[in-house]
Amino acid sequence: GRASPPLAALSQVLRLERSRRNAIVFPLQKLERHLAPGTDAARFRLFQPGLAALQRAEALFRSDRGHTIDYVSSAVRMDHAPPPALPEVCFIGRSNVGKSSLIRALFSLAPEVEVRVSKTPGHTKKMNFFKVGKYFTLVDMPGYGYRAPQDFVEMVESYLQERHNLKRTFLLVDGVVGLQKTDHIAVEMLEEFGIPYVMVLTKTDRVSRGVLLKNVLEIQEFVKESTQGCFPQLFLVSSVEFSGVHLLRCFVAHVTGNLPTVEAS
């Protein structure tokens, strides 16, 4: 398999000086310092696990002889999906939002796992299932919007409505451009079905701090005013710089029931 990239492991991040280390693990808090005085920052710190929880989560994403992480199968219809034996999370988002790159970053400590990253938007045409030992399953859903598969809506709607082991849906939003019309349609679908979800802003390395902060505040306001099922804290990630990836692993471990208690630091 490939070697793990730098900063993929928490031990590498912990060697950095403190402010850089905190910026990689908690990228939202790095932005918090630039809020206007008096702005309520509670939504920047709702999920703030301590080091022990981060390390426990990382162990789930690191393969070894007794703990295998495998691509299981792909499906275009629900009757092709593997049996719903484990807690499950799914990742959805617009084509070209960086979904496969993020999943590859999450699984970077299991380099034998093959997550295809395409240069062509809309390449993921099927639901791809990855089994993380005996703990949970992660599902990579087809991208919506540009070049989405024709049966996308049918596939995704039936998955969201029928998959009773689904614990959380991760809705990926491009951090450079913020919420788009197609993202609003996805939000409406999740809200209509009563699916608990969380928004993840991708590609944060490609955007200026000012634009990113503006997008974060606008989306937080939208979540507060217009959603019922969305977790109030956004997650910021860069698959290139690995910022936010360790925290996202921890949140996945938490929502799948694999972190009995998350200690706030």
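A cavity is a set of points, on a 1 Å grid over the protein atoms alone, where a 1.4 Å probe fits but cannot get out. Grid points are joined across faces, edges and corners, and a volume is the space filled by probe spheres set on the points. Lining residues have an atom within 4 Å of a point.

This is a predicted model, in which local features need pLDDT of at least 70 and side-chain atom pairs count only at pLDDT 80 or more, while totals for chains, interfaces and linings use all residues. Residues are numbered from 1 along each chain as its sequence is written, and side-chain values use heavy atoms, with hydrogens and water left out.

**Stop 1: the cavity**

Select Phe26, Pro27, Leu28, Gln29, Phe44, Phe47, Gln233 and Leu247; these line the largest cavity. The space inside is about 30 Å³. The count is one cavity of 30 Å³ or more. Helix 3 gives the largest share of this lining, three residues. Helices here are DSSP runs of H or I with at least four residues, strands are runs of E with at least two, and both are numbered from the N terminus. By class, the cavity lining has six nonpolar, two polar and no charged residues. Ala, Val, Leu, Ile, Met, Phe, Trp, Tyr, Cys and Pro count as nonpolar, Asp, Glu, Lys and Arg as charged, and the others, Gly among them, as polar.

**Stop 2: the second largest pocket**

A pocket is an open set of grid points with protein on both sides within 12 Å along at least five of seven lines. Now select Ala23, Lys30, Thr204, Glu241 and Ser243. Of the 15 residues lining the second largest pocket, these lie nearest its centre. The pocket holds about 340 Å³ of space. Colour helix 2 (18–25), helix 3 (27–32) and helix 8 (209–226): each supplies at least two lining residues. The classes are seven nonpolar, three polar and five charged.

**Stop 3: asparagine 215**

Stay on helix 8 and pick asparagine 215. Is asparagine 215 buried or exposed? Its relative accessible area is 4%, so asparagine 215 is buried. The cut-offs are under 20% relative accessible area for buried, over 50% for exposed and in between for partly exposed (1.4 Å probe, protein chains only). Show its contacts, meaning heavy atoms within 4.5 Å. Leaving out residues up to four places away in sequence, asparagine 215 touches Gly175, Val176, Val177 and Gly178. A polar atom of the asparagine 215 side chain lies 2.9 Å from the backbone oxygen of glycine 175.

**Stop 4: aromatic rings**

Rings of Phe, Tyr and Trp (its six-membered ring) pair if their centres lie within 6.5 Å; planes under 30 degrees apart count as stacked, over 60 as edge-to-face and the rest as tilted. How many aromatic pairs does the count come to? By this rule, 11.

Select phenylalanine 61 and phenylalanine 107. Their pair is tilted, 6.0 Å centre to centre with 40 degrees between the planes. The two are 46 residues apart: phenylalanine 61 sits in the loop between helix 4 (51–60) and strand 1 (69–75), phenylalanine 107 in the loop between helix 5 (99–106) and strand 3 (127–132). Both phenylalanine 61 and phenylalanine 107 are buried.

Next, phenylalanine 170 and phenylalanine 251. Here the pair is edge-to-face, at 6.1 Å centre to centre and 85 degrees between the planes. Phenylalanine 170 is in strand 5 (166–174) and phenylalanine 251 in helix 9 (245–255), so the pair ties together parts 81 residues apart in sequence. Phenylalanine 170 is buried at 0% relative accessibility, and phenylalanine 251 is buried at 1%.

**Stop 5: helix 6**

Select helix 6 (152–162). Its buried residues are Phe152, Met155, Val156, Ser158, Tyr159 and Leu160. Strand 1, strand 2 (88–93), strand 3, strand 4 (136–140), strand 5 and helix 7 (181–193) are among the elements covering them. Valine 153, also in helix 6, is partly exposed at 46% relative accessibility.

**Stop 6: histidine 67**

Finish in the loop between helix 4 and strand 1, at histidine 67. With a relative accessible area of 8%, histidine 67 is buried. Its side chain reaches the backbone oxygen of leucine 60 at 2.6 Å. Beyond four places in sequence, histidine 67 touches Ala59, Leu60, Arg62, Val132, Gly133 and Tyr135.

Technical notes
A polar contact is a pair of N or O atoms within 3.5 Å; within protein, one must be able to donate a hydrogen and the other to accept it, and residues adjacent in sequence count only if both atoms are side-chain atoms.
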